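Welcome! Take a moment to look over the molecule below, and then we can walk through it together.

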Amino acid sequence: MPQSREKILVAMSGGVDSSVAALVLKQQGFDIAGAYMKNWINEDNIVGDCPWQQDIEDARAVAEKIGIEFRVVNLMREYSERVVAYLLDGYKRGITPNPDVMCNREIKFGVFLAWARDHGFDAVATGHYARRVENPGGAFSLVEGADKNKDQSYFLALINQEQLRAARFPIGHLPKPELRRLATEAGLATAAKKDSQGICFIGEVKMQDFLRQYVPDEPGPIVRATDEQVLGRHRGLHYYTIGQRRGIGVPSNADFQKYVVVGKRAADRALLVAFDAPDAPGLFTSEVRVHSLSWVGGPVTAPCLIEGRVRYRDPRVHLEFIPDPENTSGGSATVRFREPQRALASGQVLALYDGERLLGGGIYV
Ligand SMILES: Nc1ncnc2c1ncn2[C@@H]1O[C@H](COP(=O)(O)OP(=O)(O)OP(=O)(O)O)[C@@H](O)[C@H]1O
């Protein structure tokens, strides 16, 4: 029997994962309701297709089928202040922000959780592939999802202990095919819906189309990093990220070697490119600085050998973590990778692990 009918609000996106999250909790006997967060709508003439109306209908249909109450919670203002502003500010500064990670910290387990508490709920559940495990001392660990192909612990890298305490991940132990089977058996409208892609508020809108509307073009030269030869012009550094190969706009050479972005130079707004090879200057790094460190449990305060995931879907890699003195939450560290890592973009997130257990994360300088 669940602890005295704990009240849980399920964040229902209209996708199959959060639909099954609600189904599982209901079957386990919890007192639950579902809520769709309205973060963004097409009012600002964002180009592209925003499927949010369909998503709300799908989430509502699933809630009805399961027999739970369903609400739409309007968080557009908070989202705009905490995620969109961060996103646009980052791109304007030439870095590559990570709105999905920020959305989890600031919105789902930030304002949405606060809304849930104000309305009498004890916890918020999502359809993330991650597991929450209680330790003997009463603190909680965040562990990778059982389906390694789907694991989303990376996106939770900036969650703290208090947020984790109030979080539930009811599908974290399920393999995706099993989850789809449960959805089909229960006759949920979302059982065969394809997995969503991209950033939670932009929907299907491409990042470039989005940026075009909000960040003014600032053209500059495209420069070959190896010999400073100017190869062409670009419309703005914010359209590019280190490691990018597609859409650079300069043709390959006669040997069909492709160019890759290896850096950005603020002084003359140069986009630095090189042929995509392990020795391309600036493409691979074995040492990086991270800031704004955040810890799920206690902070790592002494140099140690741990693991990290340098981007979503990459395997964990071995690294030496060397915290600055007096390192606590918000601190900085130097990270030395055992093997050089490709294309680490300023503003992106390094998730830190002890095996499957997420320790926390930091942001590349
Ligand atoms: N607009 C939203 N309203 C309510 N919950 C949301 C919303 N967007 C995302 N979530 C929650 O965050 C979780 C992870 O979001 P993500 O966008 O990665 O979706 P997903 O992994 O494709 O899951 P789903 O199949 O449930 O959409 C979702 O499972 C859901 O619980």
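Is glutamate 228 buried or exposed? Glutamate 228 is exposed, because 10 other C-beta atoms lie within 10 Å, and a residue counts as exposed at 12 or fewer. Please keep in mind as you read on that this is a predicted model.

## Two residues with a positive phi

Let's stay with glutamate 228 for a moment. This residue sits in the loop between strand 8 (220–224) and strand 9 (230–234). Its phi is positive, about 65 degrees, although glutamate 228 is not a glycine. Most residues other than glycine have a negative phi.

Arginine 269 is another case: not a glycine, yet with a positive phi of about 55 degrees. You will find arginine 269 in the loop between strand 10 (259–265) and strand 11 (270–275). Arginine 269 counts as partly exposed, because it has 15 C-beta neighbours inside 10 Å.

## The overall picture

Now step back to see the whole chain. The protein has 7 helices and 17 strands. Its radius of gyration is 22 Å, close to the 21 Å that the globule rule gives for 365 residues, so the protein is as compact as a globular protein of that length. Along the principal axes, the C-alpha atoms fill a box of roughly 70 × 50 × 35 Å.

Of the 365 residues, 41% count as buried. Among contacts between residues at least 6 apart in sequence, 64% join residues at least 24 apart.

## Three domains

How is the protein divided? There is domain 1 (3–127 + 170–208), domain 2 (216–275) and domain 3 (284–364). The C-alpha centres of domain 1 and domain 3 are 28 Å apart. Their contact takes 6 residues from domain 1 and 5 residues from domain 3. On the side of domain 1 that touches domain 3, there are 3 nonpolar residues, 3 polar ones and no charged ones.

## Helix 3 and its kink

Follow helix 3 (residues 76–92) and you will come to a kink of about 35 degrees, centred on valine 84. Valine 84 is also one of the buried residues of this helix, together with Tyr79, Val83, Leu87, Gly90 and Tyr91. What do the buried residues of helix 3 pack against? Their partners are helix 4 (99–118) and helix 7 (207–214). Just after helix 3 comes glycine 94, with a positive phi of about 85 degrees.

Helix 4 holds lysine 108. Lysine 108 is buried, because 24 other C-beta atoms lie within 10 Å, and a residue counts as buried at 20 or more. Leaving out residues up to four places away in sequence, lysine 108 touches Ala11, Cys103, Val124 and Thr126. Lysine 108 and isoleucine 66 are 42 residues apart in sequence, and 22 Å separate their C-alpha atoms in space.

## Around the ligand

Ala11, one of the residues that lysine 108 touches, also belongs to the surroundings of the ligand. How many residues surround the ligand? There are 17, and the closest are Ala11, Gly15, Asp17, Ser18 and Gly127.

Helix 1 (16–27) and strand 2 (31–38) each supply at least two residues of this shell. Helix 1 gives the most, with 3 residues. By type, the shell divides into 6 nonpolar, 8 polar and 3 charged residues.

How values were computed. Residues numbered from 1 in each chain as written. Predicted model: local features only at pLDDT ≥ 70, side-chain atom pairs only at ≥ 80, totals over all residues. Bend = angle between axes of the 7 residues up to and from the residue. Helix = DSSP H or I, 4+ residues; strand = E, 2+ residues; numbered from the N terminus. Contact = placed C-beta atoms within 7 Å. Domains from an automatic or database assignment. Nonpolar A, V, L, I, M, F, W, Y, C, P; charged D, E, K, R; others polar. Near = placed C-beta within 6 Å. Rg over C-alpha atoms; globule rule 2.2 N^0.38 Å.
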